[in-house]
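Here is a short tour of one protein model. Keep the sequence and the structure in view as you read.

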Amino acid sequence: MTTTNKPSPDAAESGADRLHTHQHRHFLSKVWALARPFWYSDDKWWARGLLLAVIALSLGGVYLSVWFNHWYNSFYTALQNKDAAGFWLQIGYFCPVAAVAILSAVYRYYLRNILELRWRRWLTHVYFERWLSQRAYYLLEVSGGMAQGQGTDNPDQRIAEDIDRFTTLTLQLGLGLLSSVVSLCSFTLILWNLSGELAFSLAGYDIVIPGYMVWVALLYAAIGTWIAHRLGRRLVPLNFEQQRREADMRFALVRVREHAESIALYGGEEVERGALRQHFQQIWDNTWQVMRTQKRLIGFTAGYSQVASVFPMIVAAPRYFSGSLALGGLMQINSAFGHVQDALSWFIDAYANLAKWRSVVDRLTSFTDRLDALEQEAQARSVQQDEQIRSVQQAASAAVVSVSPASIMASQAAAVKAAGTGGCDAGCGCADSEEACCSGGCGACDSSGDEPDDADAHTNSGCGVGCSCVASDQDAPESSAVADIASGLQVRNLQIALPDGQTVLQLAQGQVAAGQHTLISAPSGFGKSLLLRVMSGIWPWWQGSVSVPGAMMFLPQRPYLPLGSLRQALAYPAATSRYSDADYLQVLQQCRLSQYQHRLDDVQGWSHSLSPGEQQRLAIARALLQQPQWLFLDEATSALDEDTEHHLYSLLRQQLPETTLISVAHRPTVAPFHQQHWQLSTMSS
């Protein structure tokens, strides 16, 4: 298997259902790119059906408002005329219609919330997939997105909260706008017919304004909208910043909980208290700005609404007192004007929610843009690495592939120490670079200084500049030196870099055959762990060719223990049903964790209750259960005493005879369990 960082076929096939906003520049087009996929997803018929039902109920609500508007005229006219029969007749009309209106409001709310919940579920699953596929969650962290201005802070909050706010506010604002438009059309016609003409003389000219109440409502709403926008426009960036600061404080609180023991041992409570207070102070400062802005906006909108409740009465009062307008007509005009004014004032009333919605959309689209960028970067790296692999394969097509350790290049000069000790006798040393290689059995050194010929290539456990054998007390099969490399690991012209482009490690070539246990050692900070990350496929910043075997398992220095039972921690990431109780009990016994055999189904935070050494032993037990063909251990026994470490490595060799071990370690005590030693020297300047 050659590592090329390509998306998986499943990910490629599901790309049509994913969200992509990076190609859109305008805000509304980004909103549409964010919202559209749901309405064409597998859930589209439910979604469209619920949306049509909610729209129908919303339009039904507008129709009922029109009916009530006409009813006001008849009802108040009956009151004015002291018509008791007409009064009770109108009450009789009102009761069933009011019941329908109540039922409509209840189910409009209920169905809209079902739609919001289904939309949120679909969108959350899509973001789960995008965030966790191709290890985007990992790349976002190691690439330092915020430090580079990528705008990817707190992806957990964006998925958990911003999606919920997006679906809720989008439907709320969208349906509210639709109802306002329909109400505006319906009640503008009613108000036009009821308001009549306004006739007056100005500078000797007779002026007649038909439907003057409509123009008054338009002017009133236009002025109010302009003022509201001027007062509340700062809410968009303030809400965006508020969500970020709230998420930062929650993240800081979670870190205190996760690292409670370390903080307690250091006595760092005062430092953590100061950091948390600083986080809250940032929330406090931003909240005060939000409050001051909203205070001005609420003060204006409250006054605007209060004036609007009597404004139409004032405007229509002259016609009423002149006798040309009955009380019922006056109340109908007041109601119609109120609906027109409400429809025209939708922007004012919804301004605070619009500001929140805009900030939520910005956070989701910037998050999506970053995920899109990671996918594009992965595709670009994949193409580049494929080209490099093809060139390397073409150049090496006629060459003999040896089973040698890696050699390190620095300024075009090799600086690696490597050894093959498949059954080596202690004291065999081929450290001089003029002595080309250690022979397969390490019984003698080829001191001719000549490169090995093709016949000898497969009998040399390690060829390169600098070669030293490491003594082993483990007998290795002679075939390990001539194992089929196609089933093993191969590295050619590998360059590993940091996200900022700084090269950390360069390897000319290296090979490990199946069954050839290999130890990798180097000074701290040299890039050993990065080498394993490249082999595992999670580190994308590399160039060259890396062919890796299948059925691999990686044990980091600090094992990950999921939330749940001890059984789940042992089986992770496999299902617990894959192994029997006897399997779990056996590996716990073998890894000296027998005290936990009766707690397999206990659910608790095992990463806090188990010591670092116990966690590493549990990781070894996990490997014994899963029995991978290749096991990579990155300082996986660093927290253990030498006796327990020796026991566990012996256990791995005995219980997993078909597993090849590749270890990164500083301790020389693990060397006897390996047949090959890659000692990476510091690169020359």
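Start at Glu161, which is partly exposed at a relative accessible area of 26%. Buried means under 20% relative accessible area, exposed means over 50%, and partly exposed lies in between (1.4 Å probe, protein chains only). This is a predicted model, where local features need pLDDT of at least 70 and side-chain atom pairs count only at pLDDT 80 or more, while totals for chains, interfaces and linings use all residues. Residues are numbered from 1 along each chain as its sequence is written, and side-chain values use heavy atoms, with hydrogens and water left out.

Which residue forms a salt bridge with Glu161? It is Arg250, and the closest N and O atoms are 3.1 Å apart. A salt bridge here is a side-chain nitrogen of Lys or Arg within 4 Å of a carboxyl oxygen of Asp or Glu. Glu161 sits in helix α6 (residues 155-195) and Arg250 in helix α8 (residues 235-258), so this pair links distant parts of the chain, 89 residues apart. Helices (H or I, at least four residues) and strands (E, at least two) are DSSP runs, numbered from the N terminus. Arg250 is partly exposed, with a relative accessible area of 33%.

Asp372 lies in helix α13 (residues 351-395) and Arg130 in helix α4 (residues 84-132), so the pair ties together parts that are 242 residues apart in sequence. Is this pair buried or exposed? Asp372 is buried, and so is Arg130.

Arg599 and Asp602 form another salt bridge, with the closest N and O atoms 3.0 Å apart. Arg599 counts as partly exposed at 22% relative accessibility. Asp602 is partly exposed too, with a relative accessible area of 30%. Salt bridges that share partners also join Glu241, Arg244, Arg245 and Asp248 into one network.

## A positive patch

Arg234, Arg292, Lys295 and Arg296 gather in a patch of positive charge on the surface. Patches are made of residues with over 30% relative accessible area and no salt bridge; like charges are joined within 9 Å, nonpolar side chains (Val, Leu, Ile, Met, Phe, Trp, Tyr) within 5 Å. Lys and Arg count as positive and Asp and Glu as negative; His and the chain ends are not counted. The place of a charge is taken as NZ of Lys, CZ of Arg, CG of Asp or CD of Glu. Accessible areas come from the Shrake-Rupley method with a 1.4 Å probe, and for residues only the protein chains shown count as cover.

Arg292 is found in helix α10 (residues 269-321). At 41% relative accessibility, Arg292 counts as partly exposed.

## Covered strands

Strand β16 (630-634) is mostly covered, with 5 of its 5 residues buried.

β16 has two parallel partners here. Strand β13 (residues 552-555) pairs with β16 over 4 bridges in the parallel sense. Two strands pair if DSSP finds at least two bridges between them. Met552 stands opposite Trp630. Strand β17 (residues 660-664) runs parallel to β16, joined by 5 bridges. There, Trp630 stands opposite Thr660.

Strand β18 (residues 676-680) has 4 of its 5 residues buried, so it is largely enclosed by the rest of the structure. Strand β11 (residues 518-521) runs parallel to β18, with 4 bridges between them. Thr518 stands opposite Gln676.

## Helix α15

Helix α15 (residues 528-536) is mostly covered, with 7 of its 9 residues buried. Among them are Leu530, Leu531 and Leu532.

Most residues other than glycine have a negative phi, and most peptide bonds are trans. Lys82 is not a glycine, yet has a positive phi of about 55°. Lys82 is exposed, with a relative accessible area of 76%. Glu635 also is not a glycine and has a positive phi of about 50°. Glu635 is buried, with a relative accessible area of 15%.

The peptide bond from Tyr572 to Pro573 is cis, with omega near 5°. Pro573 is found in the loop between α16 (566-571) and α17 (581-590).
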